[in-house]
Amino acid sequence: MTTTHAAPTRTGDKAATTAAAPVRRLPSDFACKQVMAWTGLIFGLFVLVHMVGNMKAYLGPAEFDSYAVWLRHMLEPVAPPAGVLWLVRAVLLTCLVAHLTCATILFFRARARRGPFRRKGLPLRSFAARSMPVTGLVLLLFIIFHILDLTTGTRPIASAQYTPMTAARSVAYDNLVHSFDRPWVSAFYILAMLLLGLHLSHGLWLAVNDLGATGRRVRQVSVAGAGIVALAVMVGNISLPIAVLTGVVS
């Protein structure tokens, strides 16, 4: 006697296929990495330009205060007073939210894939990559502190001598000096800049790779470029609190 087996129905095939297919998560890892790459490049450009502007403190109060006033009056009368400045702030805030959101998504997804066991004996060169969440969190706290200190003048973060800026007059130089005259503020600022250099050097290199740079020469140039930008930003910004504490800028 020959025994025949019924073929599985199409409904069963579809159910099995559906059960076996992985669940597609939105946003995808690729989309998150693209967002982080582009926003990271925007941040890199901003901190570089911001550092160059900070160097005007070495030219004296008049130059630095004039620069602060100019920032509020860019493109006038085409743009309203402080219009460009608020536009830049809006773009940076949007980039920050997008960057943090995607970083959080990728962090927890990677943690879920890794499982409960942590890898040990990783090479030193992976330290920057492994420390990105920590350096990013510290930098976020520093951004909040920096805004409260030198932008809004919120006590007790800001110094007791903080003076708000008016439409036509700036005391940004004095506010900067009074802030860095406090050793604990200078120490926190220097620490934050060291972490920024570490975060920036790896982040810029990673951004170039995530945007599709695969050639060996391009990778070498991106590593060198990321290192140069990170070092310039770090050294330039760290020099300011040291200059204030030593009396070079006063």
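Ser159 touches Asp149, His178, Ser179 and Arg182, where contact means heavy atoms within 4.5 Å and residues up to four places away in sequence are not counted. Ser159 lies in the loop between α6 (132-150) and α7 (172-180); helices (H or I, at least four residues) and strands (E, at least two) are DSSP runs numbered from the N terminus.

This is a predicted model, in which local features need pLDDT of at least 70 and side-chain atom pairs count only at pLDDT 80 or more, while totals for chains, interfaces and linings use all residues. Residues are numbered from 1 along each chain as its sequence is written, and side-chain values use heavy atoms, with hydrogens and water left out.

pLDDT is the predictor's confidence in each residue, from 0 to 100. The protein chain has a mean pLDDT of 86, and 86% of its residues reach 70 or more. Confidence is lowest in helix α1 (residues 10-20), at a mean of 52, and highest in α7, at 96.

Two buried residues are listed below; buried means under 20% relative accessible area, exposed over 50%, partly exposed in between (1.4 Å probe, protein chains only).

| Residue | Relative accessible area |
|---|---|
| Ser159 | 6% |
| Asn237 | 4% |

Asn237 is in helix α9. Beyond four places in sequence, Asn237 touches Met51, Asn54, Met55, Tyr189 and Met193.
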